[in-house]
Amino acid sequence: MGKVVTLGEIMLRLSTQSGNRLVQSDSLQAHYGGGEANVAISLANYGHEVVFASKVPNTALGEAVRKHLRRYHVDTHYLLTGGKRLGTYYLETGIGERAASVIYDRAGSSFAEMNVLEWDLATLFDDVGIFHISGITPALSKKWQTMTLELMKQAKKSGCKVSFDSNYRSKLWSQKEAGQVIRQLLPYVDYCSAGKLDAVNLLGITNEPAEQEHELAFYYKEMHRLFPNIQLFYSTKRKIYSASANQLIGTLWQDNHYYESDIHEIDPIIDRVGAGDAFAGGILHGVLEQMTPQETVDFATAAAVLKHTVHGDCNQFNKEEVADFLRSGSGKIIR
């Protein structure tokens, strides 16, 4: 299917040590991450040719972003430089019954302040199989709402499949505004990460499943009824016991059939941030490798589970390691 292009904002993440409040911390852990960049890294780890398009300042922080991406063999040819600053967010790490909390400091960033698409779109999508973007990008500004739609239209015109992760962030925009914009974008989408909350809160699906129906399968069918162009829906089901212990199940809907992974019990969680991106990367890997739907959702869920075990935003495991984890099971030594 050719190479993959992902596009979005990458930020500096500053995190507290487990057990520390932000207000009491005299040191913070630095990582770089963002939804689309994380997906790019996952796919590069699996051996795919991946380009990440964004904009960062011409500073040491911008250069650190470039080195971070290149470390995982992501193509940075379309990583533009300019603007005043790199967006930042602060993560107060959760533990036990205390949830993690995020403070954004991203206003005025080089990427968010873009008013025109500064890439040559004809070459950006040349020989590209999949273009991936998320709902975080149009949440950044009115201009980015227009530009996201323009990017999707150009990708489709160039023959790309379009992958979209709804990725709703309540600290960036309201459900009403998000729903209005996302409904304009979905007619151009082929692969979509969206679950029950997206269906109800963003797309206004108020019908409820019949007693014998699987809840998520029903909402996938309802979303497909509204947007029949979408070939594949996927999301995770997460049961939260505490910030340190979760249950995770991956789900996938394709060709009017619903698929689930096995149940994974994750305890302790080292770092949950980026697990959804790891799942999305696993799904797109399955699509690119023409895996069966069941193989795809199993692989993607395993990748997401492994992401919980490492610090930072991005998944750090290659496809062989994910496959070994699937074969060996939880906690077994791989010899």
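# Cores, helices and a cavity in a predicted model

Histidine 308 is buried, with a relative accessible area of 0%, where buried stands for under 20% relative accessible area, exposed for over 50% and partly exposed for what lies in between, with a 1.4 Å probe and protein chains only. This is a predicted model, in which local features need pLDDT of at least 70 and side-chain atom pairs count only at pLDDT 80 or more, while totals for chains, interfaces and linings use all residues. Residues are numbered from 1 along each chain as its sequence is written, and side-chain values use heavy atoms, with hydrogens and water left out.

Histidine 308 sits in the loop between helix 9 (293-307) and helix 10 (319-328); helices (H or I, at least four residues) and strands (E, at least two) are DSSP runs, numbered from the N terminus. Leaving aside residues up to four places away in sequence, histidine 308 touches Arg238, Leu248, Ile266, Ile269, Ile270, Asp271, Arg272 and Ala275, a contact being heavy atoms within 4.5 Å. Proline 268 is placed in the loop between strand 14 (264-266) and helix 8, and the peptide bond that leads from aspartate 267 to proline 268 is cis, with omega near 5°.

Helix 8 (residues 275-288) contains glycine 282, which is buried at a relative accessible area of 0%. Glycine 282 touches Tyr46, Thr296, Phe299 and Ala300, not counting residues up to four places away in sequence. With phenylalanine 299, glycine 282 forms a pair 17 residues apart in sequence and 6.1 Å apart in space, C-alpha to C-alpha. In the loop between helix 8 and helix 9 lies glutamine 290, which has a positive phi of about 55° although it is not a glycine, and which counts as exposed at 69% relative accessibility. A positive phi in a residue other than glycine is also found at aspartate 127, where the value is near 60°; this aspartate 127 is exposed, with a relative accessible area of 59%, and is placed in the loop between helix 3 (121-124) and strand 8 (128-134).

Helix 1 (residues 35-45) is mostly covered, since eleven of its eleven residues are buried, among them Gly35, Glu36, Asn38 and Asn45. Glycine 47, with a positive phi near 95°, follows helix 1.

The nonpolar interior can be described through its cores, a nonpolar core being a set of buried Ala, Val, Leu, Ile, Met, Phe, Trp, Tyr and Cys residues joined through side-chain atoms within 4.5 Å. The largest nonpolar core has 50 residues, of which Leu7, Trp119, Leu124, Trp144, Leu151, Phe164 and Leu186 touch the most other members. Helix 4 gives the largest share of this core, six residues. A second, separate core of 48 residues includes Ile10, Leu14, Tyr72 and Ile269. Tryptophan 144 touches Leu7, Phe111, Ala112, Met114, Leu117, Trp119, Thr137, Pro138 and Leu151, again not counting residues up to four places away in sequence.

In helix 5 (residues 175-185), the buried residues are Ala178, Gly179, Val181, Ile182 and Leu185, and what covers them includes helix 4 (142-157), strand 9 (161-165) and helix 6 (196-202). Valine 181 has a relative accessible area of 8% and is buried; valine 181 touches Pro138, Gln145 and Trp173, not counting residues up to four places away in sequence. Valine 181 and alanine 139 are 42 residues apart in sequence, yet 8.9 Å apart in space, C-alpha to C-alpha.

The structure holds one cavity of 30 Å³ or more. On a 1 Å grid over the protein atoms alone, a cavity is a set of points where a 1.4 Å probe fits but cannot get out, and lining residues have an atom within 4 Å of a point. The largest cavity has a volume of about 40 Å³, the volume being the space filled by probe spheres set on the points, with grid points joined across faces, edges and corners. Its lining consists of Ser166, Ile182, Leu186, Cys192, Ala194, Asp198, Leu202 and Leu203.

Cysteine 192, one of the lining residues, counts as buried at 2% relative accessibility, and cysteine 160 is buried with a relative accessible area of 2%. A search of the whole structure finds zero disulfides, a disulfide being a pair of cysteine sulfur atoms within 2.5 Å. The sulfur of cysteine 160 has its closest cysteine sulfur in cysteine 192, at 17 Å, which is too far for a bond.

Methods. On a 1 Å grid over the protein atoms alone, a cavity is a set of points where a 1.4 Å probe fits but cannot get out, and a pocket is an open set with protein on both sides within 12 Å along at least five of seven lines; lining residues have an atom within 4 Å of a point.
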